[in-house]
Amino acid sequence: MRQSQGIEPGGRAGAPRTHTRYRAAAMLAAGALILGACTGGSSDGSSGADASAGGGEAGGYPDAQITFVVPFAAGGPTDTVTRLIAEPMATELGVEIVVQNVEGAGGTVAAEQVANAEPDGYTVLMHHIGMSTAPTLYPDLPYDPTEDFEPIGLVTEVPMTIIGSPNFEPNTMEELLAYVEENIDEVTYANAGIGAASQLCGLLFETATGLDLTEVPYDGTGPALDDLLGDQVDFMCDQTTNTAENIQSEAVKAYAVTTPERIEALPDLPTTEEGGIGDVAVTVWHGLYVPGGAPQEIVDALNSALLVALQDENVISSLADLGTAPVEQDRATPDAHAEHLQSQIELWRPIIEEAGVTAG
Ligand code: MLT
């Protein structure tokens, strides 16, 4: 499923969403309406900019709508972060930014689409930690994350939380572990497919506990959380950008946060270490990319706008409410991003290989 929503320079991307099933439905309807008002893009989501500019000179860039491709469903954590930073970036760049959700195969469908797009700066990928796990998870990955993209800069690093549906029996991590073990054939674990952060966290949970979970894959944890709120799946591990508000309002059961220390937005939530599964430790970093071969001037223009967006007061306070923060400015550079991507590929490869998980 694909959706686009325009963010005009100086416009409002919309406040981060609380995930009730009703709110998500309203948001999808709103997205469809705004799409109708966007005249700059073509139906396939391409920019409408002069393709002859691609890979050549960056002169005048940008002078047309830019598409930010999000590899998971609308209303989920990647979408939320993207819309937050797209707003000040659109203002800074002076053009409209359209967010396009291209779901599928744990984020790899979107990444392949952007890898094959014109390197003209009008198609930008927002991706997360999945950019570093996909090369190990997908033996036939149709792109190389380090060769086929130009990194623009890191954006944020988001803690994950282990949560349960409102009527799921366990109330604590200790109870969760005992309950899952006793009911292993019935319990369901939601994730966003192989390559998603929620899948990686589940893999760490399985390795730490020796339990083999029954996974229910979704196009993103936005729709997964909607089903969890409706008691249609039992538990999941998801980013605070998607779960913090529902944990604070006690709309879900919350068991642990996957950071070494408790976090300010959820001070009562124990860490996985406190819960006895300290190896379930992961934060979900996000970054922007353009297709490989994009001119340096385009990379620089997007990076400058990103650096401004990460200092935007609305971005900082919204991310704080959602349990995270923008990365420091010296990490939001193309070089720091490239180094981080490479080191994360190396970090996760042996862990995934040992778990024996592949998409093949
Ligand atoms: C999403 O945006 O739906 C998530 O980032 C999915 C995930 O990686 O778990």
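Guide: Terms first: buried means under 20% relative accessible area, exposed over 50%, and partly exposed in between (1.4 Å probe, protein chains only). By that cut-off T161 is buried, because its relative accessible area is 0%. This is a predicted model: local features need pLDDT of at least 70, side-chain atom pairs count only at pLDDT 80 or more, and totals for chains, interfaces and linings use all residues. Residues are numbered from 1 along each chain as its sequence is written, and side-chain values use heavy atoms, with hydrogens and water left out.

Visitor: Where does T161 lie?
Guide: In strand β5, residues 149–164. Strands (E, at least two residues) and helices (H or I, at least four) are DSSP runs, numbered from the N terminus.

Visitor: New topic. How many salt bridges does a search of the whole structure find?
Guide: It finds 3. The criterion is a side-chain nitrogen of Lys or Arg within 4 Å of a carboxyl oxygen of Asp or Glu.

Visitor: What does R83 form a salt bridge with?
Guide: With D79; the closest N and O atoms are 2.8 Å apart. Both residues sit in helix α2 (residues 77–93), 4 residues apart, about one turn of the helix. R83 and D79 are both buried.

Visitor: And E157, which residue is its salt-bridge partner?
Guide: R331, with the closest N and O atoms 3.1 Å apart. This pair links distant parts of the chain, 174 residues apart: E157 is in strand β5, R331 in the loop between α10 (313–321) and α11 (334–355).

Visitor: Why does E157 count as partly exposed?
Guide: Because its relative accessibility is 28%. R331 also counts as partly exposed, at 23%.
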